[in-house]
Amino acid sequence: MNDIQNVISTRSISPSARLSFWQRQVGSLLTQLECTSASGDNFFGSIKLHSSAPTTLLEIEAASHTIVRAMPRVAQVGEEKIFVCIQIDGTAIVEQDGRQGVLRAGDMTLLDTSRSFRADFPCEMGQLVLQVPRSLFRKQVGAVERLTAMVVPVENPLGKITGEFVQSLARDFERFSPAVVQRLNEQALDMVVMAFMSSVESGQSIKPSVTRSTLAYRGRAFIEANLRNAWLSPAAVAEHLGISKRYLSIIFAADGLSVERFIRARRLQKCARDLKDAGQAIRPVGDIAFAWGFNNLTHFSQSFKATFGKPPREYRQQALSELPQAREPAPLRTSAGGPE
């Protein structure tokens with residue numbers, strides 16, 4: 001069972017001290033956010049944390065309030081997060097990077113703590129927030145600022161499925177082992193990326209001046225969907241987008257990556273994930289590599305060692321040895337005190 005959980009609530013706090021208590025907790029947990037509310041002594045709030053590195057899932061319920069993220073201090077640089085916000089109850093009005101979005105129940109948005117933002121909750125609210133390291137999220141979507149405060153509505157099929165999946169994860173979090181939760185969190189992140197990519201591809205909130213970024217998002221989405229296919233190549237991505245390989249290279253170069261390196265990096269990350277999975281401990285390393293689109297085991301091993309510092313087999317052995325060992329159940333005892 002996964003017992004890495006914490007609950008913070010104003011329930012046991014005196015009414016006059018609840019808001020100040022909430023302000024301290026929010027400021028500490030959510031990267032120094034500033035919180036205000038006009039609810040006075042009627043204020044209430046609770047946060048349930050479900051932690052599974054590198055992500056954290058928060059269930060938040062509170063009275064009407066406003067949160068503001070000022071520009072991060074120097075000491076906070078490197079701690080930036082992406083907040084994937086899924087509205088459960090009430091309404092939220094979010095603002096970042098010159099965009100404003102209104103969330104109803106079931107809608108989803110992104111906020112980036114590396115820059116200032118604001119979120120207003122005009123009535124009692126409920127929200128799920130998936131906190132993801134900004135560097136991890138950026139590896140999958142590139143220029144995050146093109147997605148901030150963009151709303152994926154509940155009518156979007158991928159958005160709806162993603163919201164339901166994350167709600168189920170929050171509800172059943174403690175029933176799963178840490179290894180299973182980590183895999184589910186990775187799946188949730190993949191679904192979030194696909195949901196936002198689908199909105200970008202449909203042209204939502206995108207201006208003509210950001211066509212290049214739109215193509216980059218679409219290219220990454222196509223790559224993510226086809227990582228297992230050995231035929232995946234820059235030429236295939238360019239053909240899917242209807243552009244030349246040269247222009248595709250220019251688009252990816254804006255984020256400091258070549259198309260080949262991006263594909264290889266994502267495949268290696270998926271292989272590393274499977275090698276750390278105790279449920280796949282007897283699966284041959286070569287089978288995992290081939291399943292994620294590699295067709296040369298020597299090249300795979302060399303690339304894996306260059307990225308993770310160890311050959312695949314050694315990486316697996318170390319990762320599995322560090323997993324918590326399951327405890328043996330205590331023997332049943334008879335009334336005489338001996339085991340049955």
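This is a predicted model: local features need pLDDT of at least 70, side-chain atom pairs count only at pLDDT 80 or more; totals for chains, interfaces and linings use all residues.
Local features need pLDDT of at least 70 and side-chain atom pairs count only at pLDDT 80 or more, while totals for chains, interfaces and linings use all residues. Residues are numbered from 1 along each chain as its sequence is written, and side-chain values use heavy atoms, with hydrogens and water left out.

**View 1. Helix α3, residues 157-172.** Here is a helix (a DSSP run of H or I, at least four residues, numbered from the N terminus) that has 16 residues and reaches 23 Å from first C-alpha to last, close to the 22 Å expected (1.5 Å times one less than its number of residues). Look at its start for a side-chain oxygen of N156, within 2.9 Å of the backbone nitrogen of L158. Among the buried residues of α3 are G159, T162, G163 and V166 (buried means under 20% relative accessible area, with a 1.4 Å probe and protein chains only).

**View 2. Lysine K81 in strand β6, residues 81-89.** A strand is a DSSP run of E, at least two residues. K81 counts as partly exposed because its relative accessibility is 24%, and partly exposed runs between under 20% (buried) and over 50% (exposed). Its C-alpha lies 6.2 Å from that of Q131, although K81 and Q131 are 50 residues apart in sequence.

How values were computed: A polar contact is a pair of N or O atoms within 3.5 Å; within protein, one must be able to donate a hydrogen and the other to accept it, and residues adjacent in sequence count only if both atoms are side-chain atoms.
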